[in-house]
Amino acid sequence: MPVVRTIAGDLSPDDLGVTLIHEHLVVDVRLPADRPAEYADDLETIVAPMVEHLRAVRAQSVRTLVECTPTIVGQHLPAYRAVAERTGLQIVRAVGTYRDDWLPEWIKASSVEELANWFGAGIAEGAGFIKLGCDPDGPTPAAPRRAAAAGLASRRTGALVACHVGHAAPANRTLDAFVGGGGDPARFVVVHLQNEPDAAAHLTLARRGAWVEYDAIGNRPADAVYIGWLRALADADLLDRALISQDASAYIILGDGRVERQHRLDYLLGRFVPALRAAGFGRPEIDRLLIANPARALALAA
Ligand SMILES: [Zn+2]
């Protein structure tokens with residue numbers, strides 16, 4: 001039976017409910033040389049201010065939040081657990097890497113097999129999916145090796161692989177390497193595809209079988225742009241390849257060290273879904289985007 005692996009244990013995909021597929025609770029995006037080993041703020045200082053906001057998100061009917069922070073970009077498991085306990089949200093977290101400049105030496109030195117084993121161990125130890133990162137003008141020479149390793153790990157575990165990439169050309173090349181490593185395109189998410197201005201290229205990626213993810217809703221571009229892209233996918237009978245989210249960070253340490261609290265995780269249900277309805281999207285289409293697609297994407301072979 002397939003399961004979805006949350007930080008509190010495995011669930012049936014049927015129990016995910018409305019899911020925010022790409023958000024961050026706590027993340028530190030500074031380069032490794034600038035990032036201390038530990039967060040300066042203690043757990044309570046980090047978590048307490050976000051709880052009320054996330055309870056309000058839960059009250060909007062959101063049941064599951066996917067925390068997309070890679071292992072090496074300040075993942076904070078005690079904070080994720082505290083949020084789950086205090087808000088009732090089901091939280092799925094990643095195991096994974098990021099773009100070249102963020103990689104520790106041991107990842108750069110790892111073979112494809114070693115990296116695939118590390119991804120697989122992360123899934124066995126409680127991560128619900130694999131995260132990758134690729135530069136916008138990439139992939140760099142090293143990135144396809146990580147994508148191949150993720151493909152191998154995905155074949156072994158069934159795990160979804162979400163790749164920060166944004167543009168179609170590097171996404172297609174990274175997907176090639178993922179497939180070369182043994183991955184199934186249906187287990188690959190092209191993250192941040194709103195950065196790709198060529199709308200036809202979105203359809204091409206969906207036709208290859210990959211997930212196309214629009215995940216800065218409420219930030220940029222305007223809702224109408226997202227709605228146009230989703231309509232084009234629906235008209236091409238490809239809405240079952242689409243994922244939507246906000247990429248909001250409840251607590252983020254920015255590159256310059258400033259802390260920002262982006263309490264805009266209520267936009268998707270509060271504003272965007274009503275806009276989708278007003279644009280003619282029916283309940284089955286909206287449920288597919290918010291419930292069925294995330295459940296299918298996150299389902300692991302147990
Ligand atoms: Zn993100």
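## Report on a predicted protein model

Isoleucine 72 lies in the loop that joins strand S4 (62–67) to helix H2 (77–87). The model in which this residue is seen is a predicted one. Isoleucine 72 counts as partly exposed because it has 19 C-beta neighbours inside 10 Å, while a buried residue needs 20 or more. Apart from residues up to four places away in sequence, isoleucine 72 touches Thr97, Tyr98, Trp102, Leu103 and Pro104. For one of these, leucine 103, the separation from isoleucine 72 is 31 residues in sequence and 7.4 Å in space, C-alpha to C-alpha.

The protein as a whole contains ten helices and 13 strands. Its C-alpha atoms fill a box of roughly 50 × 45 × 40 Å along the principal axes. A compact globule of 302 residues would have a radius of gyration near 19 Å, and the 18 Å of the protein agrees with this. Of the 302 residues, 49% are buried. Among contacts with a separation of 6 or more, 80% are between residues 24 or more positions apart.

The largest nonpolar core has 94 residues, and those with the most contacts inside it are Val83, Phe129, Ile130, Val161, Cys163, Val189 and Val190. Helix H5 gives the most to this core, with seven residues. Once neighbours within four places in sequence are left aside, valine 189 is in contact with Leu160, Val161, Ala162, Cys163, Trp211, Glu213, Leu243 and Ala297.

Strand S7 pairs with two strands described here, S6 and S8. Both faces of S7 are covered: Val161 and Cys163 are buried on one side, and Ala162 and His164 are buried on the other. In general, the side chains of a regular strand alternate between the two faces of the sheet. Lysine 131 stands opposite alanine 162 in S7, and histidine 164 stands opposite valine 191 in S8.

| Strands | Sense | Bridges |
|---|---|---|
| S6 (residues 129–133) and S7 | parallel | four bridges |
| S7 and S8 | parallel | four bridges |
| S1 (residues 2–6) and S13 | antiparallel | two bridges |

Helix H6 (residues 168–180) has 13 residues, which at 1.5 Å a residue should span 18 Å; its end C-alpha atoms are 18 Å apart, in agreement. The buried residues of H6 are Ala168, Pro170, Ala171, Thr174, Leu175, Ala177 and Phe178. Their cover includes helix H5 (143–157), strand S7 (161–164), strand S8 (188–191) and helix H7 (199–207). Just after H6, glycine 182 takes a positive phi of about 115°.

A further sheet is formed by three strands. This sheet is open, its order is S2-S1-S13, and its pairing is antiparallel. Strand S2 (9–11) and strand S13 (300–301) stand at the edges with a single partner strand each, so one side of each has no neighbour in the sheet. Within this sheet, proline 2 has alanine 301 in S13 as its bridge partner.

How values were computed: Residues are numbered from 1 along each chain as its sequence is written. This is a predicted model: local features need pLDDT of at least 70, side-chain atom pairs count only at pLDDT 80 or more; totals for chains, interfaces and linings use all residues. The radius of gyration is taken over C-alpha atoms; the globule rule is 2.2 Å times the number of residues to the power 0.38. A residue is buried if 20 or more other C-beta atoms lie within 10 Å of its own, exposed if 12 or fewer, and partly exposed in between; C-beta atoms are placed from the backbone. Two residues are in contact if their C-beta atoms, placed from the backbone, lie within 7 Å. The expected span of a helix is 1.5 Å times one less than its number of residues. A nonpolar core is a set of buried Ala, Val, Leu, Ile, Met, Phe, Trp, Tyr and Cys residues joined through C-beta atoms within 7 Å. Two strands pair if DSSP finds at least two bridges between them.
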